[in-house]
Amino acid sequence: MTSPTDRSTFPVDPAAPPWDGNPSLRVLVLSGSSRSGSVNVRLATLVAEMVVQAGAIADLATLGEFAMPPFDGDAEAEQGPPPGATALSARIDAAQALVIASPEYNASMPGVVKNAIDWVSRLRPQPFKDKQALLVSASPSLVGGNRGLWALRVPLEHLGARVYPDMFSLAMAHQAFTDEGALTDPGLGERLGSTIESFLALVEADIRYLSLRHCWYEFLGDRTDAPVTARAQE
């Protein structure tokens, strides 16, 4: 009996790059905070380390690297998107997956995170579409910023991102890190590592292996003659 993790047992997508055993998945790990000492920067840094340990390539960044004014339709029409939005879009597009470590402001996502999404969504091709995404958060609160992640899922999923069902929220984050940047609770560290490994396995499967083929019907009795594709986008 072959192992379910043996790549030879899966039909490989002909369009996928050849597998040579080297790291092939590039993951943009983006902190939604740039504040000095931010617990979300620390969490993003830890996630990036775990991504590398799992055999992928981590591109670590903070939102502060991509300066963007508040979204303004008139400014967009006159000047186009700001350079920060263009640069962030390119970094998202260059990665096969996206991890966002987002703070929670007033039970929602920070305005700068939403503003970045709004600007980047105006670019074509729109880079969030079909992008696998994992959401994590850290907060001094007892809920770890989880409410903000539920708000963040909405615009990302609206734009076509495939947001991983499991999310990771680190409560009491100001006390949760060792001096070396690991988590003081071994159980939480194990859970975060397991979440990242499972997420990366899904990303690789989406990129490298053919999915089930099916057509999407809008309502009962609807039919379409659109061609069926491996990614089942119809």
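Predicted model: local features only at pLDDT ≥ 70, side-chain atom pairs only at ≥ 80, totals over all residues.
Figure 1. W119, by contrast, is buried, its relative accessible area being 1%. A search of the whole structure returns two aromatic pairs. In the pair formed by F71 and W119, the ring centres are 4.8 Å apart and the planes stand at 65°, so the arrangement is edge-to-face; angles over 60 degrees are assigned to that class. The pair connects distant parts of the chain, 48 residues apart: F71 belongs to the loop between β2 (57-62) and α2 (73-79), and W119 to helix α4 (residues 111-120).

**Figure 2. Aromatic pair of Y164 and F199.** The rings of Y164 and F199 also form an edge-to-face pair, with 5.5 Å from centre to centre and 70° between the planes. Because Y164 is located in the loop between β5 (162-163) and β6 (168-170) and F199 in helix α6 (residues 186-208), the pair ties together parts that are 35 residues apart in sequence. Y164 has a relative accessible area of 14% and is therefore buried, the limit for this class being under 20%. F199 is likewise buried, with a relative accessible area of 1%.

**Figure 3. The largest nonpolar core, with V47 and L192.** This core comprises 31 residues, of which V47 and L192 touch the most other members. At least two residues each are supplied by β1 (26-31), α1 (39-53), β3 (97-101), β4 (132-138), β6 and α6. Helix α1 provides the largest share, namely eight residues. When residues up to four places away in sequence are not counted, V47 is in contact with V29, V99, V136, L192 and I196. Another core, of 28 residues, lies apart from this one; L30, L63, M109 and L152 are among its members. In soluble globular proteins, nonpolar side chains tend to be buried together.

**Figure 4. Packing of helices α4 and α5.** Two packed helices are described by the angle between their axes and the distance between the axes. The axes of α4 and helix α5 (residues 146-158) come within 11 Å and cross at roughly 5°. The two helices, α4 and α5, are therefore roughly parallel to each other, as angles under 35 degrees are assigned to that class. On the α4 side the contact is made by V113, K114 and I117, and on the α5 side by L152, P155 and L156. Sorted by class, the residues of this contact are five nonpolar, no polar and one charged.

Conventions: Residues numbered from 1 in each chain as written. Heavy atoms only, no water. Phe/Tyr/Trp six-rings, centres within 6.5 Å; stacked < 30°, edge-to-face > 60°. Helix = DSSP H or I, 4+ residues; strand = E, 2+ residues; numbered from the N terminus. Buried < 20%, exposed > 50% of the residue type's maximum accessible area, 1.4 Å probe, protein only. Core = buried A, V, L, I, M, F, W, Y, C linked by side-chain atoms within 4.5 Å. Contact = heavy atoms within 4.5 Å. Axes fitted to C-alpha atoms, helices over the stretch in contact; angles between N-to-C directions. Parallel < 35°, antiparallel > 145°, perpendicular 65-115°, else oblique. Nonpolar A, V, L, I, M, F, W, Y, C, P; charged D, E, K, R; others polar.
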